[in-house]
Amino acid sequence: MDFDPEPYELLPAVLHYIAAVGSLLFVVALVAVIWSLASRGRSGPAALIEGIKKGCRDFAQISPRRVWALSMLTIREALRRKALMVFVVFAVLFMFAGWFLQQATDRPDLQVEVYVSFVLKAITWLVLPVVMILACWGLPEDIRARSLHTVVTKPVRRSEIVLGRIIGFISVSTLILLIMGGVGYVWILRQVPDPSYLVSRVPIYGKLRYTNRLGDERNAIGLEYDYSINVGDIWEFRNYIEGGTKSRALWYFEGMDADDFDDKLIIETGFESFRTHKGDMDRGLLARLNIMNAETGLQVPLQPFTVEEYTQNLHEIPRKLQYFDEDTQDFREVDLFEDLVYDGTLKIAVECLDANQYIGMARPDLFIRLPDRSFFAGYSKAILGIWLMLSIIVVIAVSASCFVKGPVAVLLTFSFLILGQPFRSFMEKMVTGEQEGGGPLEAWYRLIHHLNTTSELPASLLTNAMKFIDQILLNFLWVMQNLIPNFEHFRMSPYVANGFDVPWSAAMLPSLVVTIAYLLPCVLIGYFSLAMRELESK
Amino acid sequence: MENDAVIQIRNLTKIYRDFWGRKKVLALNSLSLDVNKGEIFGLLGPNGSGKTTTMKLLLGLLFPTDGKISILGKEASNVEKNERIGYLPEESYLYRFLNAEETLDFYGQLFDMPASQRREQTDRLIKSVGLDFARRRQLKEYSKGMTRRIGLAQALINDPELVLLDEPTSGLDPLGTRDMKDMILKLRDEGKTVVMCSHLLADVQDVCDRIAILYEGELKQLGRVDELLKEQDVTQLLTSRLDDAVVRDIEEVLKKHNAQLKSIDHPTNSLEDLFLKTVKESVERPGRRFLPDEAAQPDASEGNGQSPSESASQTPAESGEQTSQAESEKPDEAQPAS
Ligand SMILES: Nc1ncnc2c1ncn2[C@@H]1O[C@H](COP(=O)(O)OP(=O)(O)O)[C@@H](O)[C@H]1O
Ligand SMILES: [Mg+2]
């Protein structure tokens, strides 16, 4: 069962990956052939093939014992060089932060959010630089001090050096992360005033549709929209339904089976109210859930409830439902699954009962709440997300450090990090043409000529040349965008901080896939750069 | 002879280039030589003559600009050859945060040795290089001589057929130098081939079977040490002490045969011999100190607890020990005039 916010499609991703890596390999091979012809003449390609064969042998003959030895060396080095000073900083930070965070708010769920996201952010941003710098500096320092000379004159494959370093640094980050995660967990438990808010809710999300105020009489399927009234705030992502009319918000939960309905179903709602007149100020707006059979049109209204903002509204729906049937003027009992679920789809309609008042909702505002998991489970997954991100940073850093010196490797890795997170959406917009004002040259032109971003550019040779160059730059950006990992995948703290479990398909799977996807090309790049260079520091 | 060659170098040239590919140094110019199985081969030359470069090219640490290398029948860039090679770098480039045991265990693992074999080898080698007392200390606390010893131990961890030693005696005191030389000779007795390079002439003369003299990247001499050093037109007599009458008689005889007498002298021992003798005596008779005739030094009564080599090196300068100490500390200054 899979109703995650945006389920991750594995197969297309893998295909896309194969296509990307394949075309990259093709380009690299082409360049290599030309280069070998240029530098060695006719015998070039033969030497190239020999090199590739040697590479294959070096990977086939990898000895686990050697890789293990090299990883242990890396770990020992990190530990004995006092990389763990970062702990001290961490502890100090925690002691101070506690003072400031306490008065932040008095809503328990927001307090949980503040504490949890503080801890997870602190862990990420303390460990990340340390691990990045360690991983970037390891190999170059080894080459500079020439201790690598002694190693490579043993029967060590360069592939083993790259792998050993990667595994070593990942182990170091695992160690640091485990300790910090543990400290952070205890800290959260002690700081949060109401531990009952420390839960990992497991939601199932549905699809949301709306009907307008003229919605069809009994069978409300008539006119459905995927938007409804906006109450005037253009940033508001919720759509509003009008009270006392036939306007409904309809949620469809597909693919349900009998196992999901033990003896009851719990629905959680979090709607927003919008009043056009004061009404009864002592209570919230009245709303009602109706369970509907999408085929027969059977509609079972539940008890009305008041919309309490900023708290969880929980609705327990028993398996056997009693309701008053207007047609027969009698009470009837139906089975939630047998009678109301049609073709695996559960349909819930929300109505507002106060005339001229509005209730706003978006897709995540109503969901089926499965039995909670422990907060620990969600927290561990968030830590795992940080771990995956650290791993991918280590992989990139180590392979960068195979061909450049420490500071440059840091710069390179850091730009991956920047381009992979805050810059990413901007880049995407540029590439897809959604960002107005064109490419970099055009933007400059507009700046200088005081043209706004929507007015037409005058057609001239200059502007055409500019657009052409911009197109090349944008294509380059497109390549970059496809090369640089999307670090958004690794951010799982929002789930945990808001009291949700981290969903497998929407969060865990993509980050796992991205990490694995980067491992192979990076190891290859690292191997060939190490194998092709003289290990003499220049 | 050709089949016996463990190393074949043909027209080896190495040019160091800078980042932009511009020529910086011609470190080795068309070098050709063979090293045969079971011999101790010495590469001799002043600093910067290309000895280390040759070693690194042999090991595939550097790539030749031109020329061919065959080492143990393989190419220099082949990793598998390293299974049978031991290498002691110019300075012991080891991990300073490991201790002696961990160091040897680490390099043993790189040869894919099982744990029991590693333990055995580690133990044996630490003892044989005389570091048993410091086996648990991190290498950053080691003196230069100790680092050299652990360096040699790591080079021998795989019981190699071919041992490449880059300046094996640099940084060692005379005792250590003697030990090192003995160990090198022992390696040959075990049937291993040894290639060492050095600028210390005495070391090379004592242990090497054949030498090559490099100067500014070019091969200037190649051959057996005894043949290269033998002066064919000089004859040396060594007799028990002769009094002047006998010497005069001998001069008569020489004159009769039309030979020219070049010198008659008492042979001097080498400083190394004197030093080793002094140390040996100190071990046999502890507490004995050399005092200059004029005045005993104020602290002369102390120091019974000092180790033999320390007390030996404290003797005044005229007996020569301090000069030899300084020489072994700063090998660069001891280069032959070029
Ligand atoms: N990494 C390097 N880059 C540039 N020049 C080098 C490098 N290593 C050695 N050289 C130069 O090559 C020459 C030979 O050096 P080397 O083989 O170390 O001499 P030796 O070991 O005989 O003292 C020297 O002139 C030295 O300056
Ligand atoms: Mg040298």
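Which residue forms a salt bridge with B:Glu101? The views below come from a predicted model, and the third one holds the answer.

**View 1. A salt bridge between B:Glu102 and A:Arg76.** Here the closest N and O atoms sit 3.7 Å apart. B:Glu102 belongs to helix α2 of chain B (residues 100-110), while A:Arg76 belongs to helix α3 of chain A (residues 64-80), so this pair joins two chains. B:Glu102 comes out as buried, with 17% relative accessibility. A:Arg76, at 26%, is partly exposed.

**View 2. A:Lys381 meets A:Asp501.** The two side chains form a salt bridge with an N to O distance of 3.2 Å. A:Lys381 is on helix α9 (residues 375-401) and A:Asp501 is in the loop between α14 (493-497) and α15 (504-532), so the contact ties together parts of chain A that are 120 residues apart in sequence. Look at the lysine end and you have a partly exposed residue, with a relative accessible area of 23%. A:Asp501 is buried, at 5%.

**View 3. B:Glu101 pairs with B:Arg136.** That settles the opening question: B:Arg136 is a salt-bridge partner of B:Glu101, with 3.2 Å between the closest N and O atoms. B:Glu101 lies in helix α2 and B:Arg136 in the loop between α3 (115-128) and α4 (144-155), so parts of chain B that are 35 residues apart in sequence get tied together. B:Arg136 is exposed, at 62% relative accessibility.

**View 4. A salt-bridge network in chain B.** Zoom out from the last pair and B:Glu101 and B:Arg136 turn up in a network with B:Asp123, B:Lys127, B:Asp132 and B:Arg135. Over all chains, the whole structure has 43 salt bridges.

Notes
Residues are numbered from 1 along each chain as its sequence is written. Chains are lettered from A and ligands numbered from 1 in the order in which they are written. This is a predicted model: local features need pLDDT of at least 70, side-chain atom pairs count only at pLDDT 80 or more; totals for chains, interfaces and linings use all residues. Side-chain values use heavy atoms; hydrogens and water are left out. A salt bridge is a side-chain nitrogen of Lys or Arg within 4 Å of a carboxyl oxygen of Asp or Glu. Helices (H or I, at least four residues) and strands (E, at least two) are DSSP runs, numbered from the N terminus. Buried means under 20% relative accessible area, exposed over 50%, partly exposed in between (1.4 Å probe, protein chains only).
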